[in-house]
Amino acid sequence: MTFTTKIAIAVREDLAGWQKLNVTAFLAGGLTGVYPELVGERYRDASGLGYGPLVRQPILIFTATAEKLTKTLRRACERSVTASIYTMDLFTTYNDIDNRAAVAAVATQDLDIAGFAVHAERRIVDKITKGLKLHA
């Protein structure tokens, strides 16, 4: 199946492995809050046991330096694409209220981005992520 949209998550390359996975998981979850149509139907196995749904399309995962993430996020904002973000400050907070307060305390240009996620038309996501490398 070919999708007209694309999902991309970009994480900072100098994060520890567990941090990259944690940021990716938070960002994927955040996208489903902004774009509920990304959530597919629930699963059921042949025995009738039900399972939760998954995101309905593939997600491309990229890595980049902190500087490149900031530049790439700016491209998303310039194209009016709503991004989900995770900043380095969020590694020191432990709940959603404190997370939002940590982001709110920092001006856009000063956010220390650990990762971000976008969902948009394929060509727009390609323009936003141009120059990023896929996570190995």
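This is a predicted model: local features need pLDDT of at least 70, side-chain atom pairs count only at pLDDT 80 or more; totals for chains, interfaces and linings use all residues.
Good morning, colleagues. I shall begin with the sheet. It is an open sheet of five strands in the order S5-S6-S1-S4-S7, and its pairing is mixed. S5 and strand S7, residues 133-134, stand at the edges with a single partner strand each, so one side of each is left without a neighbour in the sheet.

Let us take strand S1, residues 5-12. On one side, S1 pairs with strand S6, residues 113-121, in the antiparallel sense over seven bridges; in this pairing Lys-6 stands opposite Ala-120 of S6. S1 also pairs with S4, here in the parallel sense and over six bridges, and Ile-7 faces Ile-59 of S4 across that pairing. How many of the residues of S1 are buried? The count is eight of eight, so described because each falls under 20% relative accessible area. Thr-5, Ile-7, Ile-9 and Val-11 point one way from the strand, whereas Lys-6, Ala-8, Ala-10 and Arg-12 point the other way, and all are buried.

I turn now to the helices. Helix H2, residues 66-78, lies across S1, S4, S5 and S6 and runs at about 30° to S6. Helix H1 has 18 residues, and from its first C-alpha to its last it reaches 26 Å, close to the 26 Å expected at 1.5 Å a residue. Its buried residues are Gln-19, Lys-20, Val-23, Thr-24, Leu-27, Ala-28 and Leu-31. Viewed down the axis of H1, these buried residues fall within an arc of 160°, so they line one face of the helix. What covers the buried residues of H1? The cover includes S1, S4, S5 and S6. The face of H1 turned away from the buried side carries the exposed residues Trp-18, Leu-21, Ala-25 and Gly-33.

Trp-18 leads us to the aromatic residues. The model holds three aromatic pairs. One of them joins Trp-18 and Phe-91 in an edge-to-face arrangement, with 6.0 Å centre to centre and 75° between the planes. Why is this pair called edge-to-face? The angle of 75° counts as edge-to-face because it is over 60 degrees. Trp-18 lies in helix H1, residues 17-34, and Phe-91 in the loop between strand S5 (84-87) and helix H3 (96-104), so the pair ties together parts that are 73 residues apart in sequence. Are the two partners buried or exposed? Trp-18 is exposed, at a relative accessible area of 56%, whereas Phe-91 is buried, at 17%.

Finally, a word on Gly-52. Gly-52 sits in the loop between strand S3 (50-51) and strand S4 (59-64). With a relative accessibility of 39%, Gly-52 counts as partly exposed. Which residues does Gly-52 touch, not counting residues up to four places away in sequence? They are Arg-42 and Tyr-43. Glu-41 is eleven residues from Gly-52 in sequence, and the two are 8.0 Å apart in space, C-alpha to C-alpha.

Thank you for your attention.

Notes: Residues are numbered from 1 along each chain as its sequence is written. Side-chain values use heavy atoms; hydrogens and water are left out. Rings of Phe, Tyr and Trp (its six-membered ring) pair if their centres lie within 6.5 Å; planes under 30 degrees apart count as stacked, over 60 as edge-to-face and the rest as tilted. Helices (H or I, at least four residues) and strands (E, at least two) are DSSP runs, numbered from the N terminus. Buried means under 20% relative accessible area, exposed over 50%, partly exposed in between (1.4 Å probe, protein chains only). Contact means heavy atoms within 4.5 Å. Two strands pair if DSSP finds at least two bridges between them. Axes are lines fitted to C-alpha atoms, for helices over the stretch in contact, and angles run from 0 to 180 degrees between N-to-C directions. The expected span of a helix is 1.5 Å times one less than its number of residues. The arc is that of the directions from the helix axis to the C-beta atoms.
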